[in-house]
Amino acid sequence: MATWSNFNYQNSASPLMEQIIFFHDHTLIILIMITILVAYLMMNLFFNNYINRFLLEGQMIELIWTILPAITLIFIALPSLRLLYLLDELNNPLITLKSIGHQWYWKYEYSDFNNIEFDSYMIQSNENLSNFRLLDVDNRIILPMNNQIRILVTATDVIHSWTIPSLGVKIDANPGRLNQTSFFINRPGIYYGQCSEICGANHSFMPIVVESISMKNFINWINNYSLDDWKQVLVS
């Protein structure tokens with residue numbers, strides 16, 4: 001999750017987020033090189049006293065400063081296109097999770113397991129700071145690690161956006177439309193996200209929490225799930 005004074009991305013918990021961070025670093029290096037070159041040329045321009053009364057054109061330099069930016073853009077565009085196709089790739093998902101955005105909470109359905117469904121509301125932070133303000137929910141999403149997960153996202157009222165930075169997932173929830181994406185969680189943990197689309201007065205108060213556990217504990221959670229008391233039960 002995000003912490004104070006953290007100007008970088010959050011630590012990745014999926015291969016897609018690792019690729020996003022690699023592409024960010026790659027593009028940032030190119031931008032730094034361009035910034036240094038332009039700053040150096042501008043400083044030379046400000047402080048030199050050379051005058052050439054007969055300089056009317058410079059076709060060669062114009063050719064160079066037209067071709068070089070085009071080549072630079074190619075070095076950015078090719079990794080970007082590769083990453084876009086990776087983000088849209090669905091690779092034999094094991095579990096399908098359906099997320100429905102409401103004003104202002106999320107509803108989740110595990111359609112693969114006897115239609116398990118529940119609502120997820122933000123909870124109030126307590127005095128002993130055992131949960132995170134504006135980030136914790138009463139009902140977390142429980143998912144197994146090291147498995148491909150497909151998520152179907154829609155909304156019932158206005159546009160929402162299901163976003164978890166650590167997993168590299170950001171997908172809009174549009175009323176009347178079903179969007180899908182997939183992700184792969186490669187380590188256990190609790191990952192926090194929020195709605196990243198301005199959806200009304202309580203937009204800031206519909207967080208998302210994914211808890212990644214082992215497949216054995218996930219199967220136990222599914223088996224021990226009940227409609228009367230559906231709290232997470234992890235049996236070792």
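## A walk through the model

Start by selecting α1 (15-47) and α2 (59-87): each gives at least two residues to the lining of the largest pocket. (Helices are DSSP runs of H or I with at least four residues, strands are runs of E with at least two, and both are numbered from the N terminus.) Before you go on, note that this is a predicted model, where local features need pLDDT of at least 70 and side-chain atom pairs count only at pLDDT 80 or more, while totals for chains, interfaces and linings use all residues. Residues are numbered from 1 along each chain as its sequence is written, and side-chain values use heavy atoms, with hydrogens and water left out.

Back to that pocket. Its volume is about 660 Å³, and of its 19 lining residues the closest to the centre are Ile 34, Leu 37, Val 38, Leu 41 and Leu 68. (A pocket is an open set of points on a 1 Å grid over the protein atoms alone where a 1.4 Å probe fits, with protein on both sides within 12 Å along at least five of seven lines; lining residues have an atom within 4 Å of a point. The volume is the space filled by probe spheres set on the points, which are joined across faces, edges and corners.)

Now select residues 20-42 and 63-87, both labelled "transmembrane region" in an unreviewed UniProt entry; such annotations may be inferred rather than shown by experiment. Residues 20-42 are 100% helix, with end C-alpha atoms 33 Å apart. Residues 63-87 are also 100% helix, and there the end C-alpha atoms are 37 Å apart.

Next, pick strand β5 (residues 148-155). Seven of its eight residues are buried (under 20% relative accessible area, with a 1.4 Å probe and protein chains only), so β5 is largely enclosed by the rest of the structure. β5 pairs with β1 in the parallel sense over seven bridges (pairing takes at least two DSSP bridges). On another side of the pairing list, six bridges join β5 to the antiparallel β8 (residues 179-184), with Ile 149 opposite Phe 183.

Then click on Tyr 110, which stands opposite Ile 116 in β3. Tyr 110 touches Phe 118, Phe 218 and Trp 221, among others (contact means heavy atoms within 4.5 Å).

Last stop: helix α3 (residues 215-223), where Phe 218, Asn 220, Trp 221 and Ile 222 are buried.

Note on methods
Buried < 20%, exposed > 50% of the residue type's maximum accessible area, 1.4 Å probe, protein only. Lists of a residue's contacts leave out its neighbours within four places in sequence.
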